[in-house]
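Visitor: I'm new to this one. Could you walk me through it?

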Amino acid sequence: MHGPSPDTLHPFNGESHTVFLKNVISRPTIEVGDYTYYHDFENASDFENRNVRYHFDNIGDRLKIGKFCALAAGTSFIMSGANHAMTGISTYPFHIFDKGWAEQFDPATIFDHLRGDTIVGNDVWFGTNSTVMPGVTICSGAIIGAHAVVASDVPPYAVVVGNPGRVVRLRFDEQTIDRLLDVAWWDWPIEKITRHLSAIWGADAGVLERAAANHDSNLDVNEKAS
């Protein structure tokens, strides 16, 4: 047994409140890695419509979420289509109503200052009702606190809280973070991840490094060390 298949729609005892997100995504502009899940008692399967907002094909920005991320209810991504023109006197979007208002609109007033793709690494935990603004990169191992509004990039293994979101601490020292990123356990085959869950759950980077170096498919890291 190596855990649920990443192709399972409802991996939590079949309950509809939890979905492996990649299985409910239909837009080519959204990419989600294996085992990343969204939990919400209200229509979790409609994530791309309810939680990815202002995501319009003509703008071209993409949302990329890595593997093994955990998204609590209300986690939202605001995409670049939410932006209004900010180079002139008014920010009112006259052009979207047409009827003669669109003819004088200069698209450069919006498109020239878009921030591009929104990217989330691996093993990122999003608290309830957290919000990610357009063009942000959240690196692997980060924790985004409940109700945080993330408007700037988040370094690896950082804890972010508040509005505007701010880094309150790093989960590990910088040397350890570099070691963890080198290990990149989320890229291991699922059989190896399953064998070494104790190392992944643990807080000792050395144990995880030894697990990474263990090529014997029949032994876990503790048995190998003994």
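Guide: Strands here are DSSP runs of E, at least two residues, helices are runs of H or I, at least four residues, and both are numbered from the N terminus. This is a predicted model, where local features need pLDDT of at least 70, side-chain atom pairs count only at pLDDT 80 or more, and totals for chains, interfaces and linings use all residues. Residues are numbered from 1 along each chain as its sequence is written, and side-chain values use heavy atoms, leaving out hydrogens and water.

Visitor: How many bridges join β2 to β5?

Guide: Two strands pair if DSSP finds at least two bridges between them. Here three bridges join β2 to β5 (residues 63-65), and the two run parallel.

Visitor: What is the order of the strands in the open sheet?

Guide: Its four strands go β2-β5-β8-β11, with parallel pairing. β2 (30-32) and β11 (137-138) are at the edges with a single partner strand each, so one side of each has no neighbour in the sheet.

Visitor: Is Cys69 buried or exposed?

Guide: Buried means under 20% relative accessible area, exposed over 50%, and partly exposed in between (1.4 Å probe, protein chains only). Cys69 is buried, at 0%, while Cys139 is partly exposed at 26%.

Visitor: How many disulfides does a search of the whole structure find?

Guide: A disulfide is a covalent bond between the sulfur atoms of two cysteines; the cut-off is a pair of sulfur atoms within 2.5 Å. The search finds zero. The sulfur of Cys139 is 12 Å from the closest cysteine sulfur, in Cys69, too far for a bond.
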